[in-house]
Amino acid sequence: MSDEQVENSKVSVERQNASSTPASPARRAWRRFRKNRPALFSAWYVVALLIVIAAWPVAIRIAHSAGPAAAAWAKNHAPEQLSDAQFQPPDAQHWFGTDEHGRDVLSRVLYGAQISLLVGFVGAAVSLIIGVLWGAIAGSAGGKVDGAMMRIVDVLYSLPSIIFVIVLMTTLGEKLKQLPVVRQSPALEKELRLLILFVGLGAISWLTMARIVRGQVLSLRTRPFVDASRALGASPTRILLRHIIPNVFGVVIVYLTLTIPAIVLYESFLSYLGLGVQPPMASWGSLISEGVDQINPIRIYWWMIVFPGGVLVSTLLALNFLGDGLRDAWDVKGS
Amino acid sequence: MYFLKRLTYMIPLLLVISAVSFWLVHLAPGGPFDKERAPASPQIKHNLEAKYHLDEPVWKQYLRYVGGLAHGDFGPSLKYRDHSVTDIVLQGLPVSMLLGWLAFGFAMGVGLPAGFITAVQRGRWQDHVGSFLALLAVCIPGFVIAPILVLVFTIKWHLLPVALWESPAHAVLPTIALGLYFAGKIARLFREGMLNTMQMEFVTAARAKGLGENTLLMRHAVRLAVLPVVSYAGPMLADLFTGSFVIENIFQIPGLGVFFINSSLNSDYTMTVGLALLYAVLLIVLNLVVDFAYMLLDPRVKYE
Amino acid sequence: MLRTQPRSATTQQGGFRFQWTLRAAFALLCCALLFGGCMRRDPPADVTIINFSEPQSLDPAIITAQPDMRIVSGMFEGMTRVDPKTGGAIPGLAERWEISPDGKTYIFRLRTNLVWSTGDPIRADDVVYSWIRTLDPATASDYAGQLFYVKNAEAFNAGKMKDASQVGVTAVNPFTVRVELNHPTVFFLDICAMPMASVVPRQTIAKLGDAWIRAQPLPVSGPYELEFWRLNDKVRLRKNPRYWDAANTQSRIIDLLPIGSASSALNLYVRGEADIVWDKELVPTELLDVLLRRPDFHTFSYLGSYFVRFNVTRKPFDDPRVRKALALAIDKKRIVQRITRGGEQPASHLVPDGTAHYVSPEGLGYDPVLARKLLAEAGFPGGKNFPRMEYMFNAPAGGGKIHEQIAIELQQMWRDTLGVDIELRQLEMQVYLSEQDQMHYDLSRSSWIGDYNDANTFLNMFVTDDGNNRTGWSNPRYDALIRQANETTDVQAREKLFQQAETILVRDDLPIIPLFFYAGINYFDTNKIQGVYTNMVDLHPLNAIRKVKPKGQSLLTPAATTR
C-alpha cells in the first residue's frame, strides 16, 4: 500500500494546517460535489451496480420457483452450476458467455462482485478502525508512546506485505478450524475464511491511515480550540473523542474511498497468486486471472477477460472518481 | 547530523524486522522439505532438517541467523540448495534494478508531462482525457495489461520479443507494463501538486508583482509541486528495485520479484527473511535520499 | 489576468515539455548504457528447450523434480543410462554387467576409457564414493531411498550403521563394481540410470562442499558440461568432448529455459524462440482441441496417475462403502474429455496401462445407481446427515488451474449424484504437502509419476506406513503380497501377485480413487528437431537431440529473424 505514502508527506500535512474549517462542511461539500460531474456519474454507476448485484441472486431465487421455463433459466444462470456448454461466446442466453465449466460468466461476475466489493469495503473499514485509533492515540499521546507506536508502524511498513498475507491466510485458516464454534457448525468456516481475507487485507492497509491521522492530530493539538478545551480541564480522552476525531473525519473519508479500490486491486493480485477466495466461489480477481489464461496466440475466449476486466476497471475508475470528488468537495488538501 | 541519526536507527529497526519476519515465516504451516514424494524413510527428512538446523527451537535458529548476519552471511537458500541467499540476490538484484530504473524513467517521462499538461489545462479537454488515462493506468492490474501488450506487440505485429531478458528490445514491454501504473500515479500526484502550488499565496503575490508566468512557474511552482512526487519516489523505487512477480513471471525475467512471492510460498525461510531485510534497507535508504532531496527543494523543510 | 493565463500556459507548456523530454531522454540514455553490464546476449544455442520450473538444484543426490532430472542426467551418468527410444536402461559408464543366478549380486564392468570432462580418469572408487555420498545422512538426499535395495544401505542412511564399507557396494578393482542387494530386484538396472546413482566428482565436492555444482570448471561424467546456470534465466549446457560416447552427442550447445506458465511457453514456441516444449504442465488445456490437430504436438501415454486420496482414519471415510460410493459417482470420462483434454485415459486402477510386464485388474467404473445404493447402505440415503468434508488441492502461483478445475467438477458430481456436499480447500503447495503428509485432510488431490517402468513404483507406496501412503490405510494381506512380489524374479508369478494386491487397492478397499492416467505432450517440429522419442517414462536424453535445417527453406526461419 506504499502507493499512498504521499498522503503522509510532510508537506501535505503542513498544508493541511493552513486549511480553515468551513462553518457547515457537510453542506458545502455536498454543494461542491454536485457540481463535479464525473464524480456524480460515478456515484450513480456504483449505486446502479450495487442494485444489480443485490437483485441478481434474488431474481435467480425467485425464478427457481416460478414455473419450469424460469427454473431452467435460473439453473442455467446459477453461478456454480456446471454444464456441457463450455466456452460459449456471448449470446441471448448467456450475455457474457460461459467459462470452461459451462458456467454463466455474467452470473459469476455479479456474484464475484459481492466478494470483491465486500473485501474492499470491509478491508477498508478494518483499516479505518485500526488506522484511526492507532494514529489518533499516537498523535494525542505524543512523546515516548507516539515514538514507540510509530516505530511499530515503521517496522510493519518495511515488511513486504505478501509475507504477512500468506502467513495470515495459511496459519489463521488452520487455527480457526480448532475453534469450538467452528467445530460445532462447520459451515461457519467458509464465512470465517472469507473474514480472514477481509481482515488480512485490512491489516496491511491501515498503516498509511495511521500516519495520516497522526499527522492531522499533531497539527490539531496545537490549535487554539484544543488548547482552550485543555485549559478548561477536559480529559485527554474527551479531547480525543470530541475535538480530534471529528476534525480528522474529512481526511479519513476521502482516504477511505481511495483505499477501497486499492484493496480490490490487491485482492485480484492475491487471486492471481491462487491465494484469494476458495473455489468454486469467485471474485473479480479470480475471474480475471482465469480470463488472462485465455490470452494466447491461437484462440482467445475474449469474453472471459473483457467482461470481468471491464467491470473491475470501470468500478475502480468510478470509486476513484468518487474519492477524488469527495476530496475536492471536502477540500481536504486545502486551497 | 539528522541523517546520521537516521542511519544508526536503521540497525535496531533491521533487527526487529528480521525477528518479526523470521517468526512469521516459521509460523506458517508447511516446511521447506515437504515433498510430493516422501523420502523412503522419515530419517531422510530428519537428516535434512538437522543439516539446516530446522530441528532447533526458533529462537535458537534466529540467534544462529543473526550470528551469520554479523559476518555478512545470509545463509543458504532452502529451496535452491546449491545457492546461498547472497548468490541469488546478487544474480537477481541487478536485473530487477535495471528494469526498475527503466520503469522509473518511463513513469517519470510519461507521468510528469501528463501531470503538467492536465494541471495547466485544468477543466479543458486535455485535462479530462489526461486525467482519465492516468486513472485508467492506475486501475488496470499488471497481470491484465502485460498479456495484452504481448498479444498486440509480439504475436499480432511481431514488433518485439515475447519474453526473456537478452537485448534492449526485450526490455521494452516489461518497462511499459511495469511503469504504466506508476506513470498514472505520478501524473495524478504532479497534477495535484501543480494545482495546489498555483493557488498558493506566494504565487499569487508574485503574479501580482508582475513576474512573468514563465520564470515564475519554472522557479517556484514546479519546485514545490514536484514534492509529492519526490516523496512518492522513495517507496516507489524500493518497490521497483525488488522486482514485480507479475511482470517477471509473464516476461520471464530473472529478477528478484519472483523470489519475493515464491520464497514465502515455498517456506524458504532464509530467503524470505533475507529479502525482507533487503526491502527494508532499500526503503530506508531511499526514504533518506528523498528527505535529502526535499531539503534541497523546499527551504521550509528543516530536519533536526 | 485570467484571460491571458491559458495562452501563456500553453507556451510555457511547450518549453516544459521540451525540458522534460530532454531529461527523460538523458535518463534513458544512462539506462541504455547500463544494459551492457546487465543484459548479456549469449551466442545462440543449437537447441532451446522449455523445461518447466527452475531447477531446485543440479546436484544429482539432491534433486527430486522431473525438470531437474532432465538436465542433470545430461551432466552425470551412472552405470546405466536411459535409451532415448524406449526409456529403458542401456549400458552407460558400465560397458557390461553380470547378474548372479539368485538375482542378488550385480558385477558392473566399467569402460576403460572413462574420464571426467577435466581429463582425470573415472574409476570404480568414484562409483562407490558417489553411491555412499547419496546414502550419507549428511548429504540428506531425498531420493536416497531408491538405493535401499542395496544391502545395508537403509541402516547406513538412518545413521544406525556408521561404517560405509558395510554397504553392499564395493570396488573390486579399478574397473569393477560389485553390488549386493537385499533381495532380487528386477528393475535395479533402471534404478542405476537414475541421477542419484550417477557418478559425481569426489575432489570437487571435498573442496567446495555444498556449492560444488557451481565449480568452474565442473568435472562431469555425462555428455554435457554446465556452461552456466542463471536462476530464472537459463541453464546452458555445452558438449563434453571427453565423454566416452561424445561421437554420438548430437548438439553442441543446449539451452534449457525455466518457464512455468503455459501461455509464455506457447508464445515463445510460436515465435520460434524455443524449439522444444516438454512438460505436460506447459500445455494450455483450453486449446488442446486445436493444438492436438497440429503435426508438431505429440501426445503419448506415460507412467503417471492422477487420483484422490481418502483419509481413512476419518469418519465416514473409514467405511469402504462410502469410499466406493464416492468413486462410483465420478464420471471420469467427462473430466478427461472436458477438462484435461490432452488424450488422458480415464482410470479405474492405479498402475498405468502400458507398464512393463503388467496388466492391471479392472477397478470401479461410473455407476450412479450403485453409488447411491452404497451410500444409503452406509447410512446416508440421498446424502442425508453426511458430515461436512473437504477436498484439498494445491494452487500453483500464477500458473495453471487444472487441479482447481478438476476439484470443481468432482464437487458438482458428488453433489448431483449423491447429494453430498464436499467443500473445496485450496492450499499453497508447501502447506498442501505438509497437510497431506500429516494427514490433516479428508480428501486430497494426488498424483504419482513412476520413477521407473515397473508396477512396484506405484503399488509399493500403499504398503502400511510407507511415507507415501498418506491415507492411513493398512491391509496386512496387501503388504504381504507386495513383499512377496518384490522377492519374486519370475515375471509372470510377480505379475499375478501384483494383480492380487491391486485388486485389493482398487476394488475392495479403495483408499484412493484413480481418476485418469496422464498423457504426456511434447511440442516440437519434427522437420526441425530430431531425437526426441515418446516413451513411457517421459525421459528424453539430451545427447540424442539435434536440430536439422529443413531443406528448401531460407535462413529466415522464425528462429533466425527473432534472434
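Which residues are buried in helix 9 of chain C? In this predicted model, the buried residues of that helix are V322(C), R323(C), K324(C), A325(C), L326(C), A327(C) and L328(C). A residue is termed buried if 20 or more other C-beta atoms lie within 10 Å of its own, exposed if 12 or fewer do, and partly exposed in between, with C-beta atoms placed from the backbone. Helix 9 spans residues 320-328 of chain C and is mostly covered, since 7 of its 9 residues are buried. Those buried residues pack against strand 12 (297-310), helix 11 (368-377), helix 12 (402-418) and strand 17 (512-523) of chain C. Two residues are taken to be in contact if their C-beta atoms, placed from the backbone, lie within 7 Å. Helices (H or I, at least four residues) and strands (E, at least two) are DSSP runs, numbered from the N terminus.

Residues are numbered from 1 along each chain as its sequence is written, while chains are lettered from A and ligands numbered from 1 in the order in which they are written. As the model is a predicted one, local features need pLDDT of at least 70 and side-chain atom pairs count only at pLDDT 80 or more, whereas totals for chains, interfaces and linings use all residues.

The model scores ipTM 0.87 and pTM 0.86. For chain C the mean pLDDT (the predictor's confidence in each residue, from 0 to 100) is 87, and 90% of the residues of the chain reach 70 or more. Over residues 1-18 of chain C the pLDDT is below 50, and this stretch has 13 contacts in the model beyond near neighbours in sequence. The pLDDT also stays under 50 over residues 552-563 of chain C, a stretch with 11 contacts beyond four places in sequence.

Chain C contains 17 helices and 19 strands. Of its 563 residues, 53% count as buried. Among contacts in chain C with a separation of 6 or more, 69% join residues 24 or more positions apart. Within this chain, helix 10 (residues 332-340) and helix 12 have axes that come within 11 Å and cross at roughly 140 degrees. Axes are lines fitted to C-alpha atoms, for helices over the stretch in contact, and angles run from 0 to 180 degrees between N-to-C directions. Angles under 35 degrees count as roughly parallel, over 145 as roughly antiparallel, 65 to 115 as roughly perpendicular and the rest as oblique. Helix 10 of chain C and helix 12 of chain C are therefore oblique to each other. The contact joins R334(C), I335(C), I339(C) and T340(C) of helix 10 of chain C to I402(C), Q405(C), I406(C) and E409(C) of helix 12 of chain C. By class, the residues of this contact comprise 4 nonpolar, 2 polar and 2 charged. Here Ala, Val, Leu, Ile, Met, Phe, Trp, Tyr, Cys and Pro count as nonpolar, Asp, Glu, Lys and Arg as charged, and the others, Gly among them, as polar.

Chain A has 13 helices and 0 strands. Buried residues account for 47% of its 335 residues. Helix 12 and helix 13 of chain A pack at an angle of about 145 degrees, with their axes 8 Å apart. The residues of this contact include W284(A), L287(A) and I288(A) of helix 12 of chain A, and M304(A), I305(A) and P308(A) of helix 13 of chain A. In total the contact has 9 nonpolar, 2 polar and 1 charged residues.

Both chain A and chain C touch chain B. The contact between chains A and B takes 40 residues from chain A and 45 residues from chain B. Helix 7 of chain A supplies the largest share of the chain A side, 8 residues. That side divides into 22 nonpolar, 12 polar and 6 charged residues. Between chains C and B, 63 residues of chain C are in contact with 65 residues of chain B. Helix 1 of chain C gives the most to the chain C side, with 15 residues. The classes on that side are 30 nonpolar, 20 polar and 13 charged residues.

Within chain B, F33(B) is found in the loop between helix 1 (2-27) and helix 2 (42-51). F33(B) counts as buried because it has 23 C-beta neighbours inside 10 Å. Leaving aside neighbours within four places in sequence, F33(B) is in contact with K45(B), L48(B) and E49(B). F33(B) and N266(B) are 233 residues apart in sequence, yet 9.0 Å apart in space, C-alpha to C-alpha.
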